[in-house]
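This briefing is for a reader meeting the structure for the first time. Please keep the model in view while going through the points below.

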Amino acid sequence: QAPRDLAIGSAVWAQQHLVGYDAAAPTEFQEVLAGQFSSLTPENDMKWDAVHPAPDVYDFTSADALIAFAKANHQQVRGHTLLWHSQNPAWVTAASATWTCDDARAVLEDHIRTVVGHFKGEIYEWDVANEIFQDEWDNGGVKLRTTANPFLKACAADPVGLLADAFRWAHEADPDAVLFLNDYNAEGINAKTDAYYALAQQLLAAGAPLGGFGAQGHLSLLYGFDTSIQANFERFAALGLKVAVTEADVRIPLQAGETGPTPEQVAVQAERYDAMLQACLNVTACSSFTVWGFSDAYSWVPGVFPGEGWATISDEEFTPKPAFDALLGSLHDA
Ligand code: G3I
C-alpha cells in the first residue's frame, strides 16, 4: 500500500494481456498486475494508431478492456497519449503533408474531444502532449518538434497556441482529469526540462488547464543518473502542477555471451529505480509512480535497444528483482 494517495502503476499492453479477461480465471500475468499495482497505463492501446485507425473510425476495443480490468481490480488509469510524433496512423501521416494549421487543429480537436470524452470519468491523469521537445543533441537542439510532429508542424507559426487549445479541449471533455506534459530525458534539471519549465509558465499564463509534468524515467546503466530529479520536480510543483514518474525502467547493457546481469548491475538498477521513487515520495505534488511494464518477458527495451535489456523490476518468470524489493521497502518506510 502506497503512502498518501500516491498511485503505483504499471504500463500494460491490453491488446496482448487484458482482452478477454475473466476475473474468475485470471492469468498469472493478470494476477500480478492486479495484485501489485493501483494504477495502469495503456502501453499502446490509447495511442492514435490504436484508437483512430481511419479518419471516421474510432476503435476502443482494447482500451475498453483495460478500463474494465482496472475497474474489476479497483485500479486507476493514466491516459496515454493524445499528441505525439510517433505511432500516428498512416492516414494522419499522409493527410498532414497538405495540412494548414486549421486542418490540423480540426483533426486534433475531434480526436481529443472524442477520445477523452469516451473515457470521461475513467482517467485520473492524461498525457496530453508527449515528447514534444527534441533533445539537446538532436539536429537543431532543444526545440519543439515542429518537424517530426505533424500537428506542431502544421501550426509551426504558433505551436504554443495549438498546445494551449489541446489542453483546453481535453479539459472540456473531462474536467476531472489532470492534464500532463510528458517526456524522456526529463528527470533532472537540464536544457530540455528548462524548456518545459518555460513552456509550462507560458501555458499557465495563457490560462491553459495544464495540470502536471511527467518525467518518463527511461534510464540506462550506460549513462549516469542526474540526482537533480527532486529539485526538478520541486520547481514544477512550485508552479502549482502535479508531477509524476510515468514510465520508469532501467536498462542494463548486455555483453556477448552473457545470460544475465551481474549482481553489481542489478544493485545499481535497484538504486536508480529507488532514486526516482524517493524523489516522488519527497515531493507532495508527486501523484503517481509508474513502471513501464513489470516483467522482462514483455519489455519494449530489447526490441529498440538490441544491446540492452533486463530493464524491469521482475524477471521473465515474474520473480522480483532487487529493484522490486527496493521500491517495496521505500513504500513501506514512507
Ligand atoms: O501496430 C502493430 C499491431 O497491429 C500488431 O498487432 C503488433 C504485433 O507485434 O505490432 C504493432 O506495432 C507495435 C506497436 O508498439 C503497437 O502500436 C510495434 O511492433 C511496437 O514496436 C510498438 O512499440 C511501442 C513503442 O512505444 C512505439 O513507439 C512499445 O510497445 C511501447 O512500450 C513504447 O512506449 C513508449 C511510450 O509510449 C512513450 N515513451 C517511450 C516509450 C518507450 O519507447
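Strand S6 and strand S8 (residues 242–253) pair in the parallel sense, with four bridges between them. Within that pairing, Gly214 has Ala244 of S8 as its bridge partner. The model is a predicted one.

- S6 covers residues 212–215, and Gly212, Phe213, Gly214 and Ala215 are all buried.
- Gly212 and Gly214 point one way from the strand, while Phe213 and Ala215 point the other way.
- In a regular strand, side chains alternate between the two faces of the sheet.
- Strand S5 (residues 178–183) runs parallel to S6 and is joined to it by four bridges.
- The bridge partner of Leu181 in S6 is Phe213.
- A right-handed β-α-β unit is formed by S5, helix H9 (residues 191–205) and S6.

**Helix H9**

- H9 has 15 residues, and the distance from its first C-alpha to its last is 21 Å, close to the 21 Å expected at 1.5 Å a residue.
- Lys192, Thr193, Ala195, Tyr196, Leu199, Ala200 and Leu203 are the buried residues in H9.
- Gly207 follows H9 and has a positive phi, near 80°.

**The loop between S5 and H9**

- Ala186 is found in the loop between S5 and H9.
- Is Ala186 buried or exposed? Ala186 counts as buried because 25 C-beta neighbours lie inside 10 Å, and the cut-off for a buried residue is 20 or more.
- Not counting residues up to four places away in sequence, Ala186 touches Lys192, Thr193, Tyr196, Ala215 and Gln216.
- Of these contacts of Ala186, Lys192, Thr193 and Tyr196 are among the buried residues of H9, and Ala215 is a buried residue of S6.
- Tyr298 is 112 residues from Ala186 in sequence, and the two are 24 Å apart in space, C-alpha to C-alpha.

**Strand S9 and its partners**

- Six of the six residues of strand S9 (residues 286–291) are buried, so S9 is largely enclosed by the rest of the structure.
- Strand S1 (residues 7–12) pairs with S9 in the parallel sense over four bridges, and Gly9 stands opposite Thr290 in S9.
- S8 also pairs with S9 in the parallel sense over four bridges, and Ala244 stands opposite Ser288 in S9.
- From S8 the chain crosses through helix H11 (residues 263–282) to S9, and this β-α-β crossover is right-handed.

**The chain as a whole**

- The protein chain has 13 helices and 10 strands.
- A compact globule of 334 residues would have a radius of gyration near 20 Å, and the 19 Å of the protein chain agrees with this.
- The C-alpha trace spans about 55 × 45 × 45 Å along its principal axes.
- Of the 334 residues in the protein chain, 46% are buried.
- Among contacts with a separation of 6 or more, 77% are between residues 24 or more positions apart.

Conventions: Residues are numbered from 1 along each chain as its sequence is written. This is a predicted model: local features need pLDDT of at least 70, side-chain atom pairs count only at pLDDT 80 or more; totals for chains, interfaces and linings use all residues. Helices (H or I, at least four residues) and strands (E, at least two) are DSSP runs, numbered from the N terminus. The radius of gyration is taken over C-alpha atoms; the globule rule is 2.2 Å times the number of residues to the power 0.38. A residue is buried if 20 or more other C-beta atoms lie within 10 Å of its own, exposed if 12 or fewer, and partly exposed in between; C-beta atoms are placed from the backbone. Two residues are in contact if their C-beta atoms, placed from the backbone, lie within 7 Å. Two strands pair if DSSP finds at least two bridges between them. A crossover is right-handed if, with the strands pointing away from the viewer, the path from the first strand over the helix to the second runs clockwise. The expected span of a helix is 1.5 Å times one less than its number of residues.
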